[in-house]
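Colleague: I am new to this structure and would like to learn how to read its helix packing. Please show it to me and take me through it step by step.

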Amino acid sequence: MAPVRKPSNVSQSISSSPFYFILYIILVLMGNVGNTTVIAVVGESLLRETGVVRSSDVILVNMAFSNLLVSLIRNTVVMVSDLGVEVFLSRDMCHFMMGIWVWLRSANVWSTFFLSAFHFQTLRRVAPPVITLHGPRGPPSSLIVGFVLVWSLNLVYAIPAFIFSKNGDENSTETLMLVSSTTRPLMGCIWDFPSAYSGLAFATSSMVIHESIPICLMNITNLGSLLTLYAHGHSRNATNKNQEAPLITRIPAERRAAKVILALNVLFILSWGTNVISVNYFNYNRGSSTEFLLIIARFTNMSFIAFSPVVLAVGHRKLRAFIKSLLSCEMALFG
């Protein structure tokens, strides 16, 4: 590794503006602190409660864990780089880091979709799946299989990033960008595909697999959840059969959960969609607005990771209780 190099134009634009730079640091810290809080609070409740394992909480911890990894391993490194602490990695380390960045970012997308899909599947059941003292302690095996598939398949997808990357020098500029990687050379690492066509083919497949398909599936599952709740709400007064009683009594709670998941999906689509437009404008157009759009991409890249813990804190009972107790302690300390 070698020391400091000149920052890119995008970095210069951000670091030269105190507003942009402070906002960037705030978003990174929100992502780190917020997702760590979600993992600690929800994970601690999972470990403490005996006899019941809530699959939804397990999925929340998985999503927050993927958010935190992306925030620490990518966004925090970008922030430190903008502070002027820039290093070069060796070629082998660039292979490793580019692969890790693509893997984590891709898994993060599908971990977010997992939450929406699980809630839709839960609403279609008469009662939520719960593990009791008489059953095995831990989440359902189907849930574990889902996690394994999300992380393993995205690792397979990231294999080209482990291969087609290299270390650059002070004058290196990125000629291809993927939403699932960085918006500029980071630690001197850049893409190194055999040809421009193969690079664009990988970028296009990334756009379809990790941008278009997850957004469409999120919209479908979330719409299905809302329609299911609407149908159950109308049948609530029409029938009082014992078979449907467990679900009917859960309608208000499920409606609140649907609103939280809808808010997460809207936040994801807004941040992801803006990033998609910015990065693909760079890949296919390279017009006069490229630099501005890349700055937008830098911020939208981390907006979901930064604000999703805030949305969860509003809708999750244990997180709300933790925030309230924290605020009450602060007020008692300074009051």
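Colleague: What should I know before I start?

Modeller: This is a predicted model, where local features need pLDDT of at least 70, side-chain atom pairs count only at pLDDT 80 or more, and totals for chains, interfaces and linings use all residues. Residues are numbered from 1 along each chain as its sequence is written, and side-chain values use heavy atoms, with hydrogens and water left out.

Colleague: At what angle do H3 and H4 pack?

Modeller: Start with the terms. Helices are DSSP runs (H or I, at least four residues), numbered from the N terminus. Axes are lines fitted to C-alpha atoms, for helices over the stretch in contact, and angles run from 0 to 180 degrees between N-to-C directions. Here, H3 (residues 55-82) and H4 (residues 91-123) pack at about 155°, with axes 9 Å apart. That makes H3 roughly antiparallel to H4. Angles under 35 degrees count as roughly parallel, over 145 as roughly antiparallel, 65 to 115 as roughly perpendicular and the rest as oblique.

Colleague: Is the crossing of H3 and H4 left-handed or right-handed?

Modeller: A crossing is left-handed if the near helix is turned anticlockwise from the far one by less than a right angle, and right-handed if clockwise. H3 passes H4 in a left-handed crossing.

Colleague: Which residues of H3 and H4 meet?

Modeller: Contact means heavy atoms within 4.5 Å. On the H3 side, the residues include Ile-59, Met-63 and Ser-66. On the H4 side, they include Trp-101, Ser-111 and Leu-115. By class, this contact of H3 with H4 has 13 nonpolar, eight polar and two charged residues. Ala, Val, Leu, Ile, Met, Phe, Trp, Tyr, Cys and Pro count as nonpolar, Asp, Glu, Lys and Arg as charged, and the others, Gly among them, as polar.

Colleague: At what angle do H3 and H5 cross?

Modeller: The axes of H3 and H5 (residues 141-157) come within 11 Å and cross at roughly 20°. That makes H3 roughly parallel to H5. Their crossing is right-handed. Leu-143, Phe-147 and Trp-151 in H5 meet H3 residues, including Val-58 and Phe-65. The contact of H3 with H5 divides into seven nonpolar, three polar and no charged residues.

Colleague: How many residues does the largest nonpolar core have?

Modeller: A nonpolar core is a set of buried Ala, Val, Leu, Ile, Met, Phe, Trp, Tyr and Cys residues joined through side-chain atoms within 4.5 Å. Buried means under 20% relative accessible area, exposed over 50%, partly exposed in between (1.4 Å probe, protein chains only). The largest core has 38 residues. Those with the most contacts inside it are Ile-59, Met-63, Leu-115, Leu-264, Phe-268 and Leu-312. The largest share of this core, nine residues, comes from H4.

Colleague: Is Ser-111 buried or exposed?

Modeller: Ser-111 counts as buried, at 0% relative accessibility. Ser-111 is found in H4. Leaving aside neighbours within four places in sequence, Ser-111 is in contact with Asn-62, Met-63, Ser-66, Val-150 and Trp-151.

Colleague: Where is Ser-71 placed?

Modeller: Ser-71 is in H3. Ser-71 is buried, with a relative accessible area of 1%. Not counting residues up to four places away in sequence, Ser-71 touches Val-28, Gly-31, Asn-32, Thr-76 and Ile-305.

Colleague: Where does Ser-271 lie?

Modeller: Ser-271 lies in H9. Ser-271 is buried too, at 5%. Its contacts, leaving aside neighbours within four places in sequence, are Thr-300, Ser-303 and Phe-304.

Notes: Helices (H or I, at least four residues) and strands (E, at least two) are DSSP runs, numbered from the N terminus.
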